[in-house]
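Please describe the fold of the second chain and the side of the first chain that faces its partner, in the form of a short report with a table.

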Amino acid sequence: MKYLSEYRDPDMARALVDRIRRSATRRWTLMEVCGGQTHTIVKQGIHEVLGEAVEMIHGPGCPVCVTPLEQIDRALHLAARPDVIFTSFGDMLRVPGSECDLLAIKARGGNVRVVYSPLDAVEIARKNPDKEVVFFAVGFETTAPANAMAVWRARELGVENFSVLVSHVTVPPAMVAILEDPENRVQGFLAAGHVCTIMGWEEYEPLAERYRVPIVVTGFEPLDILEGIWMAIRQLEDGRHEVENQYVRSVRREGNRSAQKLVTTVFELVDRGWRGIGTIPGSGLGLRSEFAPYDAERKFGLEGIRAEESRDCHAGEVLKGQLKPYECPAFGGLCTPERPLGAPMVSSEGACAAYYNFGRMKAGTVTAS
Amino acid sequence: MSATSTLRSSALQGVACPTPVVDHAKVLLGHGSGGKLSAQLLRDRFLPRFGNRYLEALGDGARVPVEGTEIVVSTDTFVVSPLEFPGGNIGHLAVHGTVNDLAMMGAVPRYLSAGFVLEEGLDMAVLDRVLDAMAETAAACGVEIVTGDTKVVDRGKADGLYVNTTGVGFLSEAFRPSPDLARPGDSILVSGPLGRHGMAIMAVREGLSFDADIESDTASLSPLVTSLRESVGEGVRCLRDATRGGLASALNEIASASGVGVELAGSVPVPPPVEAACEMLGLDPLYVANEGVMVAFVAPEAEARALAAMRAHPVGEHATKVGRVVPEHPGMVVLRTALGGTRVVDMLPGDQLPRIC
């Protein structure tokens with residue numbers, strides 16, 4: 001497929017793997033920030049072929065995984081209301097809240113619909129004036145412009161039965177939280193290419209400087225990721241700590257100014273909880289007061305819905321790379337992909353789920369031989 | 001009981017982020033996905049009540065004794081929205097689905113029954129087209145529709161129409177492929193490119209358009225099985241059509257039933273438009289439904305003959321080897337990536353859901 005297969009060429013990938021292994025004089029620890037990158041790494045087995053050269057820590061950049069339990073519970077509460085049509089991206093439907101997930105609410109009669117664009121949700125609101133239509137606005141800076149556009153458009157069209165349940169998060173504060181942790185092990189980052197397509201990389205420059213850590217803006221195909229790893233390793237070996245751009249076909253330093261403008265018009269920075277990590281100050285986006293009528297939390301008075309995460313779950317330490325998933329006391333016993341306690345076991349490419357499956361495979365080898 | 005298909009949900013499949021499976025007080029759409037939830041439903045609710053040695057074999061149909069010989073019986077229910085889609089309609093599926101299930105058991109399909117639930121208000125023209133498709137398809141497959149039933153329900157109580165078909169097929173000689181017969185060393189062959197049916201349905205339902213139309217692959221696999229029987233015979237260990245849950249689920253079922261590991265190596269055949277659609281929606285073609293693709297496990301020495309037999313038919317002209325059976329990791333399917341890494345290709349809990357990230 002044009003513009004994809006070029007970045008999946010196995011011979012070039014193997015050449016890059018060789019180059020990485022040759023240029024690393026020691027084992028380096030890198031974090032890929034974005035869930036999409038983790039997906040490629042796990043799907044292609046990139047973490048395995050790198051051998052001793054690099055340890056990849058899967059970062060907190062999967063919006064499905066980091067959406068706090070509390071927001072999931074609020075979504076479930078709304079979706080169960082008979083006057084509500086609850087709209088969401090597909091993969092939020094199976095995220096477990098305190099008691100169940102959106103698919104279960106749907107089976108009990110809730111009107112839950114998958115949309116591919118938040119603007120579709122605005123359309124549903126226009127066509128169903130007797131219903132309240134709520135869109136679950138989750139994600140990082142990548143999905144924020146489209147979600148902002150939906151709110152903007154609803155106001156422009158005077159659609160009053162539309163609101164958004166916002167759980168937006170932003171990348172840089174999460175990176176700071178990881179770097180500020182006294183037990184941090186991450187020595188370099190692959191920044192999320194799509195986030196930077198919107199935001200550019202100016203905001204990462206002070207981070208690279210202050211924490212003396214290489215940051216490479218990286219794409220999502222196997223060759224992108226391998227090249228990003230190689231660029232980060234080369235910086236580490238040279239003792240440099242700069243922001244470099246691997247994803248040149250998509251990202252400019254200043255990002256997409258008009259998308260940024262739309263986001264700052266509709267949203268403002270707020271403190272936001274991250275599943276498994278806790279609240280990170282200034283790490284989220286919330287609706288500005290002039291868009292309050294479109295804020296589902298206010299419209300439906302959801303502030304009272306609170307949730308506690310399991311104390312047995314050490315997801316925060318896993319996400320920061322301080323604990324290997326199998327070192328968690330709950331791993332594989334209390335916590336499995338079928339009954340996950342925390343985000344990294346919820347996601348099929350989450351660190352815990354990836355280790356769980358890989359471990360099953362290795363255990364099988366031992367049994368059979 | 002065959003794993004009857006719920007085509008309504010089978011188009012929505014792929015690598016999804018969150019994957020919990022818990023006990024549910026209500027039936028979920030995911031219970032019809034062909035993944036872990038479907039297996040759980042069967043294991044916890046149906047098998048304990050109906051269990052017997054024929055059912056517990058969990059084949060695509062049952063081989064039952066009749067006066068000193070054996071026949072195969074299989075049943076399948078078809079619910080698909082929209083009723084008509086590029087490449088066919090629900091009538092084609094209703095005949096091909098049961099014919100294929102009989103063929104996967106090694107039988108030559110002979111007779112079908114057809115039961116219809118019609119919704120008040122359904123256009124007669126649509127019904128005519130569905131019945132025409134069934135008549136033509138049955139004739140082409142060499143089966144007769146010998147009994148049937150119709151019921152009509154209130155408007156809004158059904159999605160246009162539902163069809164159940166039950167089929168009877170005859171076995172010949174010693175040809176008894178079965179999901180529990182895979183052995184280390186066996187070659188794993190796929191009869192054609194993957195993902196066309198699921199993505200054709202999804203494209204229509206979601207209003208997606210691509211450079212080239214994606215057509216459903218609905219087709220009879222019976223001629224392929226006949227050729228395999230004639231040219232390979234007992235060298236054929238297991239056959240399974242890769243319907244809902246896709247190739248990944250079919251392989252997992254066989255790996256479990258046989259207690260062996262499956263290793264996929266190299267690439268699986270996916271048509272470019274299907275690949276493009278899957279990329280766009282964040283779905284994995286390994287889990288997308290097919291209606292005219294089967295996987296065959298054959299003894300290593302029979303591989304070349306089996307491939308030649310399949311490629312002799314238009315529906316199998318792109319047949320190819322996708323992997324082999326290994327003694328390691330019993331019950332699991334592992335993909336060797338082009339880079340030399342590995343990836344566990346697990347059963348999905350429910351339907352594949354489009355991804356955000």
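In chain B of this predicted model, 84% of the contacts with a separation of 6 or more are between residues 24 or more positions apart, a contact being a pair of residues whose C-beta atoms, placed from the backbone, lie within 7 Å. Local features need pLDDT of at least 70 and side-chain atom pairs count only at pLDDT 80 or more, while totals for chains, interfaces and linings use all residues of the predicted model. Residues are numbered from 1 along each chain as its sequence is written, and chains are lettered from A and ligands numbered from 1 in the order in which they are written.

Chain B has 10 helices and 14 strands, which are DSSP runs numbered from the N terminus (helices H or I, at least four residues; strands E, at least two). Seven of the strands form an open mixed sheet in the order β9-β11-β8-β12-β10-β13-β14 of chain B, where strands pair if DSSP finds at least two bridges between them.

| Edge strand | Residues |
|---|---|
| β9 of chain B | 236-241 |
| β14 of chain B | 342-344 |

Strand β13 of chain B (residues 333-336) runs antiparallel to β14(B) and is joined to it by three bridges, with B:Val334 opposite B:Val344.

The contact between the chains takes 50 residues from chain A and 40 residues from chain B, and α17(A) gives the most to the side of chain A that touches chain B, with seven residues.

Notes
Two residues are in contact if their C-beta atoms, placed from the backbone, lie within 7 Å.
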